[in-house]
Amino acid sequence: MPDTSPFDHRPDAELGSALRRALDSGDDAAFVREVLVAFDGLHAGAAPGQWWAVLTGWARPGLVAAMLLTAAAAFTLGVQIGRSSVQPMATTLVTDPLNPDSGQVAVPAIMAGSEAPNVDYVLAVALGR
Amino acid sequence: MEDAELAALAHAGDRDAFGELVRRFAGQARRITRAMLRDDDDADDAAQDGFLAALKHMGRYDPSRPFGPWLLRIMANAAADRRRRRRVRETQPLEPQTVAAGPLPDRVTDIRGLNRALREALATLPERQRAAVVLFDVEGYSHREIGEILDIPEGTVRSDVFHGRRTLREVLEDWKDWKRED
């Protein structure tokens, strides 16, 4: 029996050729053909006729997400616009520039003053604020 | 053309270059997967998986290094993956020591018998030993390269080769004794 030292750096030619014979199948050409068929199958998946289908598949969830986002953004924007437009209307309706209790500067008060009224006061009274 | 050039072309989608690489390494790939898996069809499926995985990850191959060890590492992983999947399917996995504990295979009288005996003896070895012996004695890779392929230290490769050889040489010597007596 040949030397079987674990420090043997040389391949065992006899055992190697026996194992090669035992493990060889002898039909590598058929195997290569099968692998190339699989290669073709992979690349057919990227053919022009197919990539559109892939993109379409991606587009569907993208469209749904975009629609949901748009709806959410429209809702948020609508709420904010509603808030900003309701507040000034309420002020205008509730306050009365001729009523001294409303807390606003009144026309008689401006007229009764000895000095010329401030422009801001006049504008405030005119605008009802 | 060098393996690295073919690898670059294959990475770019060149079918002929990929085909040439498969032709060059089909023998090695199929032998190592056969050594690791008991079923030849499973082994060929694993080798095919390995070639397609190599194509997919060709961009990670360092062309300054030999292509063979890089590819065979992928093959070993593909075989291990397939073995794991098969083990999940099997209800009763084979005991690794079942054959080793019994007598050596019946005396063989021809090469086919020797082949069968060697395959049976290989099947008794732990998977890593099988791969190490085949890579060293059949494919001629160095201990360092085998360490890279199997992702184990070089010292472990030497030990695996030693122990694997011891079992396989017994089969070979038994067959040679029989032939001499014959």
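**Figure 1. Where helix H2 of chain B meets helix H7 of chain B.** In this predicted model, B:Arg31, B:Ile32, B:Ala35 and B:Met36 of H2(B) are in contact with B:Glu127, B:Arg130, B:Ala131, B:Val134, B:Leu135 and B:Val138 of H7(B), two residues being in contact if their C-beta atoms, placed from the backbone, lie within 7 Å. By class, this contact has seven nonpolar, no polar and three charged residues, where Ala, Val, Leu, Ile, Met, Phe, Trp, Tyr, Cys and Pro count as nonpolar, Asp, Glu, Lys and Arg as charged, and the others, Gly among them, as polar. H2(B) spans residues 15–36 and H7(B) residues 127–138, and their axes come within 8 Å and cross at roughly 150°; the axes are lines fitted to C-alpha atoms, for helices over the stretch in contact, and the angles run from 0 to 180 degrees between N-to-C directions. The two helices are therefore roughly antiparallel to each other, given that angles under 35 degrees count as roughly parallel, over 145 as roughly antiparallel, 65 to 115 as roughly perpendicular and the rest as oblique. The crossing of H2(B) and H7(B) is right-handed, a crossing being left-handed if the near helix is turned anticlockwise from the far one by less than a right angle, and right-handed if clockwise. Helices (H or I, at least four residues) and strands (E, at least two) are DSSP runs, numbered from the N terminus. Residues are numbered from 1 along each chain as its sequence is written, while chains are lettered from A and ligands numbered from 1 in the order in which they are written. Because the model is predicted, local features need pLDDT of at least 70 and side-chain atom pairs count only at pLDDT 80 or more, whereas totals for chains, interfaces and linings use all residues.

**Figure 2. Where H2(B) passes helix H3 of chain B.** The axes of H2(B) and H3(B), the latter formed by residues 40–56, come within 9 Å and cross at roughly 140°, and these two helices are therefore oblique to each other. The crossing is right-handed. On the side of H2(B), the contact is made by B:Phe18, B:Val22, B:Ala29, B:Arg30, B:Thr33 and B:Arg34, and among the residues that H3(B) contributes are B:Asp40, B:Ala43, B:Gly50, B:Phe51 and B:Leu55. The residues of this contact divide into eight nonpolar, two polar and four charged.

**Figure 3. Helix H8 of chain B and its packing with H7(B).** H7(B) and H8(B) pack at an angle of about 140°, with their axes 10 Å apart, which makes H7(B) oblique to H8(B). Their crossing is right-handed, and the contact joins B:Arg128, B:Ala131, B:Ala132, B:Leu135 and B:Phe136 of H7(B) to B:Ile146, B:Ile149 and B:Leu150 of H8(B). By class, it has seven nonpolar, no polar and one charged residues. Within H8(B), which covers residues 143–150, B:Glu145, B:Ile146, B:Ile149 and B:Leu150 are buried; a residue is buried if 20 or more other C-beta atoms lie within 10 Å of its own, exposed if 12 or fewer, and partly exposed in between, with C-beta atoms placed from the backbone. Seen down the axis of H8(B), the buried residues fall within an arc of 125°, so they line one face of the helix, the arc being that of the directions from the helix axis to the C-beta atoms. H8(B) is followed by B:Asp151, whose phi is positive, near 60°.

Figure 4. B:Leu125 lies in the loop between helix H6 (111–124) and H7 of chain B, and with 23 C-beta neighbours inside 10 Å it counts as buried. Leaving aside its neighbours within four places in sequence, B:Leu125 is in contact with B:Arg130, B:Gly164 and B:Thr167. B:Pro153, found in the loop between H8 and helix H9 (154–181) of chain B, is exposed, with 11 other C-beta atoms within 10 Å.

**Figure 5. The contact between chain A and chain B.** This contact takes 26 residues from chain A and 37 residues from chain B. Helix H1 (13–23) and helix H2 (28–44) of chain A each supply at least two residues of the side of chain A that touches chain B, and the largest share of that side, 10 residues, comes from H2(A). By class, the side of chain A that touches chain B has 15 nonpolar, four polar and seven charged residues. Chain A has five helices and zero strands, and chain B has nine helices and zero strands.
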